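User: I would like to go through this model with you. Could we begin with how the strands are arranged?

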Amino acid sequence: NIRNSDLINWFITYIQSPNKVLVKISGSNGLDGLLASLSNDEIYYGLIKASIAGMIKFYHIYFVGSDVNGMKKGKGSLYKSGVFSSFEAHGEIVITNGLEDATRDKIIEQIVKLARVNPEDIII
């Protein structure tokens, strides 16, 4: 359980079939580890733990790879609310242009807007 773990601070899942969501990978190596686990040929749904101004918060991650076809993108968007309803979060980080937009700076920028804090207040 990511909420009660000091060892796991993120995980990503994917849709195997319409009724089956599988965990691809989880880790304890923060945002850099999560970003290294993404690929442009898939859609991922995840959760990451962050320290925001000293408080622990969780954020959904919605990642769409740049090589994903239009039909799969549409289905992925439909599944998002169902997948995310399984775990509570303080906001949603959206990456829809693949690995090109999956950078630490761009994700920190989204968290700054969601949490209304300065970048230096974020440990992720």
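**Strands and rings**

Analyst: Strand β4 (residues 55–64) and β5 run parallel and are joined by four bridges; two strands pair if DSSP finds at least two bridges between them. Strands (E, at least two residues) and helices (H or I, at least four) are DSSP runs, numbered from the N terminus. This is a predicted model, in which local features need pLDDT of at least 70, side-chain atom pairs count only at pLDDT 80 or more, and totals for chains, interfaces and linings use all residues. Residues are numbered from 1 along each chain as its sequence is written, and side-chain values use heavy atoms, with hydrogens and water left out.

User: Which residue stands opposite Val-94 in β5?

Analyst: That residue is Tyr-62.

User: What lies over the face of Tyr-62?

Analyst: Lys-80 does, at 4.7 Å from the ring centre. The criterion is NZ of Lys or CZ of Arg within 6 Å of the ring centre and within 35 degrees of the ring normal.

User: Turning to aromatics, how many aromatic pairs are found in the whole structure?

Analyst: The search finds five. Rings of Phe, Tyr and Trp (its six-membered ring) pair if their centres lie within 6.5 Å; planes under 30 degrees apart count as stacked, over 60 as edge-to-face and the rest as tilted. Tyr-44 and Phe-63 are stacked, 6.0 Å centre to centre with 25° between the planes.

User: Why is the pair of Phe-84 and Phe-87 edge-to-face?

Analyst: Because their planes are at 65°, with the ring centres 6.1 Å apart.

User: Which residues do ring pairs link into a cluster?

Analyst: Phe-11, Tyr-45, Tyr-62, Phe-84 and Phe-87.
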